[in-house]
Each structure stands twice: as C-alpha cells, then as structure tokens.
Amino acid sequence: MKGLLENINQIIHQSMKINNIPGAAVAVIKNNEVILSKGYGRTTVEEWGVPIRSNTLFRIASVSKLLTGTVLMMLVEKDLIDLDKPVQYYVPWFTAEDQRLSKFITIRMLLSHSSGLPTGGDISIHYMESGLDHYMKEVVPTLPILFHPGTAYSYGNHALNIAGYIAEHVTNKSFSSLMQEMLFDPLGMSQTTYNPLRAMTYPLALPHDKDINGNLTVSHQFYDHSASYPSYYAFSSIQDLIHFAKIHLQEGFYSNKQILSSSLVKEMRNQQSRWYTLNDAGCGITFFQEKKDGVERFWHYGQYSHQYSSQFILVPEKGIAVIALANGENIFQAGYEIIDELLKEESNDEMGLIDVTHSDKLYYPIFEGSYLHSYYGLFELYECSGKAYMKHNEQSFELIQHSKDTYIAKDDSDKAQFTVGFPTYEADQTIKSIVVNSKACPEFKQGYIQNPTDWQNWVGIFSDGRETYETFIQGESFIIRDHQMSTNLIARAIEKNLFLTKEFGLIRFIEIKGIVNLEFDYAWRYPKKIQ
C-alpha cells in the first residue's frame, strides 16, 4: 500500500507542476475503503493562501452533470419522469430552432448527449433567480439541432440544463433546492452548493486569471449563472464527493438506506449512445463508459475555463473510485493515471481488429458526401476502386474497417488519425450524420462562393463583458482578432454566416432579437457592441 500511495502522490505532484496548478485535492477508494483523502498545494498563489484540505471547496465543472443525472433518476423512480417521454410531454412549449425535430427529443437523449443539441452554456457575472425559466424561453429556441435526435452522440451542456428545468417543472421546486433536498442532505454533502456566496463561507480554492505568459493572479470575480447549474456550476469537496461515490459503488445504498434502486444505478452505466471508438466506449446516463484491459470504467471530467478542473472515475467491480479536484487545468489526466496505477495488475487487453465478413461491410454510397465537424472542419467521404476514403484538409485517408460500423482513418504511413462511425441511417431522417472522434458531424452541402460583401454585417466588436473579439475584412479575407491572446484568426467562409478557423474550428454569426452574435462551436456567444 505504501508504494501505491507514493506513486499516486508522485502522479499528483507531477500534474500540478506541469499544469501550474496552485492547489488540488484527491480522494481514492479501493475495495470500497477510502485509502487517500488529501489536499495538495494552497488555495491561491498569493502569500495569504492556506493549505488545501479534504474539505476545501472547488468548482467541479462538468462533474456537476453526474449529480444532476442521479437526481433525474430519483425522479424516474418516483414516477415523476419517464426517460423515454419527449420533453414536450412535460413542457409542451419546448422548442429549439428546428421545431419539427424538437418534438423527437426525449429525456434519455438529454441525459446521454444524443439529442442533437450543441454544447454551450454561458458564463455570467450576475445571478438570476429565474435563470432556467428565462433560458428555456429565450436561449433554447435559438439553438440549432445538429443531427436527428437519438441517432448519434455529441457532448453538450444545453441538454443537461434542459433536463434540470424539467426536474424543476415536475417538482415545482427550484433546481438548487431540489438537489439539496434529494441528494445533498440525504448523503450528508453538507458543503456542496451552487451559490458562490455560500461557498465563500467554507474553505475555498480560489480561481485565477492567467496572462499570456502563463503567470497566475487571483481572479476577483466569481461568475454565477443559474441556468447552467445542472451542467457545470456546482461547488463541492472531495469529502462530500466520497459520499456521492459510495452510492454508485454500493448499488444505490448509503448508510444502510436505498437512495436509488440498484436497477437505476445500473441503467446509468448502461451504454445509451455510442462513441464509435476502438474499445466501443460511449455514454450512459451522464456517465461516460469504456472498457480498458478488460475492466469497465465509468467517469466524467470537468474543465471550467482554465480556472478549475475535475475528475470522477468509478470501477464498481473493483470497489474503486478516484476523485480529483483542482483550481487549475487538466487535473483529469492525473485521475486517469491514478486509475491505471490502481489497476495495473489487471491486464486483459481485449481490443483489436475484429474479423468482419463481406456482408458486414457498409453500403458506402449512402454516406458519400461532405460532413461538418465543429472543431476539425469539413470531411469528405468517397469511394475509389472499391475502397472507402475520407478527405480532410486536402489529405486523403483510407478507411479501415474495425467493426461493422466503426472504421479507422489511416494516413499513408499507416498511422491512425481518426475513428469514424456510421450510425444507422433511415430514410425518414432529415439529417444524415457520421461520428468522427466521438463527435457527430452532420452532412454539409458545399457550394458557397466567398464574397466579402456578404460579411459586412459581421464586422465589429463582440464581447460578453469577459472576453472580446474584433472582426474585420482584409482584402478577400475575414479576420477575427482575439483580444485576449492578441492574435488574428483567419476565417474561411463556407456559408455566408459560417466560417472555419484553424484555432477555434467553426464560427457562426447569428442574429438574436436584432443583435448580431459571434458564436463559437454553435455554443459560446458574444453579442456585437453597439457603436
């Protein structure tokens, strides 16, 4: 045990050093017993910072989704929610931008990132009591649906926020009150909260701003956005999250009480949507799921800007959990390494190419065409001499079959560059998609001819009060000036209001209530400043 703990400590210290993390807290459960619950570093880089302890609060970012998913399953158990009912069954006026496709979105799809909604969820300085209601009525109707609901996977915050609203709606309680009543109080998670003012009454790891050279200073502004509470705004400690881990390791039991039925705990782990990866990983009900070396893992990580990061990993069959929190970036990588350290004696690698017969091969012409990945940009699928190829940035990759519907895109040196999945396509689906590196890519019809006169309305300064971008036309090019990094991004137009950048992927301009917004990845929006 001593050698194991020494190795874990080394992993944590190395991660903090590489990522310039001021403070971290890590808990490890093995054989259902806590073997480590410890703080590292300090609450801030300032000299008045204090040592991190197991009861120090951190913003846990997207690990918040696991809390939300667990409470939604409690509501399923109470027959207040049915996973397979459409959202409109509970909220008849619900709609995203595409009213026709909106009616197909179910609760299960929201909780497994298969609804077709984009990522996103804005950061805001000011708290709004009616945040989720306002968000559902003002923001959600402007969100695109990127693929036919239920046919592919694409991670996002909006889906969990909508699920949180439904929880409010069916219980007639505010989201934070509901979470307190159903989860935090029963599990003795006495510090966990969504309220920054309450968090400040406990030991708290502070957020930091980072300059262009990577130097850290304390950020004297806490952001608060009640519409995003369900997806990534909770504060918690490893001390509290150990309690949460135990109900999932103990099939829903906590302190001899059944908090959630074992069948629903297992349903949260069952794969609901596939990533089309070589180890057939995917998403359950808010938990990510994969098998490595023959052992199943369930997890979620979080990253809140560069200010906080988190990792929560379960290996139920071994009674193992790893929880890592930090007021800096990328602590989740340390979480993966700790799990590998705990399981390094368990080696039964099952991954490899699967023998497929000719009858298992896809009918390529169905999928021939162009597809848009919101980060990588455009992909083109085509067939040549009986082989399937994918083109990206003028480079072609042969698609090598791994399983019936999962392929590996290899370059000329036989190196794998992408995994490509082909979801079942039915004739009644209005949007055809593929999945590249675990992200859905809808079909995209090319044909736009670049014309700078089309872009005049997109020129200006765009800001959310925290970050600022300036756009201008330079000859035949559209330029986006990133004021934070003092760099210019060259944007290539693929439609009048759609642009691709090497640095940030897809950028869209969208007009909402008469105000033009600059939007990254169909998600992060910056309104145009009125001159």
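Guide: Relative accessible area sorts residues into buried (under 20%), exposed (over 50%) and partly exposed (in between), with a 1.4 Å probe and protein chains only. The model here is predicted, so local features need pLDDT of at least 70 and side-chain atom pairs pLDDT 80 or more, whereas totals for chains, interfaces and linings use all residues. Residues are numbered from 1 along each chain as its sequence is written, and side-chain values use heavy atoms, without hydrogens or water.

Visitor: Is aspartate 414 buried or exposed?

Guide: Aspartate 414 is exposed, because its relative accessible area is 53%. Aspartate 414 sits in the loop that joins strand S19 (406–410) to strand S20 (416–421). Helices (H or I, at least four residues) and strands (E, at least two) are DSSP runs, numbered from the N terminus.

Visitor: Where is leucine 518, and is leucine 518 buried or exposed?

Guide: Leucine 518 belongs to strand S29 (residues 515–520). Its relative accessible area is 0%, so leucine 518 counts as buried. Glycine 460 is 58 residues from leucine 518 along the chain, and their C-alpha atoms are 9.9 Å apart.

Visitor: Which residues is leucine 518 in contact with, leaving aside neighbours within four places in sequence?

Guide: Contact means heavy atoms within 4.5 Å. With neighbours within four places in sequence left aside, leucine 518 is in contact with Phe462, Tyr469, Ile507, Arg508, Phe509, Trp524, Arg525 and Tyr526.

Visitor: What is phi at glutamate 394, and where does glutamate 394 lie?

Guide: Glutamate 394, a residue other than glycine, has a positive phi near 70°. The loop between strand S17 (387–392) and strand S18 (395–403) contains glutamate 394. With 72% relative accessibility, glutamate 394 counts as exposed.

Visitor: At what angle do the axes of helix H2 and helix H8 cross?

Guide: Two packed helices are described by the angle and the distance between their axes. Axes are lines fitted to C-alpha atoms, for helices over the stretch in contact, with angles from 0 to 180 degrees between N-to-C directions. Helix H2 (residues 64–77) and helix H8 (residues 175–184) have axes that come within 10 Å and cross at roughly 75°. H2 and H8 are therefore roughly perpendicular, a term for angles of 65 to 115 degrees.

Visitor: Which residues of H2 and H8 meet?

Guide: From H2, Leu67, Thr68, Thr70, Val71, Met74 and Leu75 meet Phe175, Leu178, Met179, Met182, Leu183 and Phe184 of H8. By class, this contact of H2 with H8 has 10 nonpolar, two polar and no charged residues. Nonpolar covers Ala, Val, Leu, Ile, Met, Phe, Trp, Tyr, Cys and Pro; charged covers Asp, Glu, Lys and Arg; the others, Gly among them, are polar.

How values were computed
Parallel < 35°, antiparallel > 145°, perpendicular 65-115°, else oblique.
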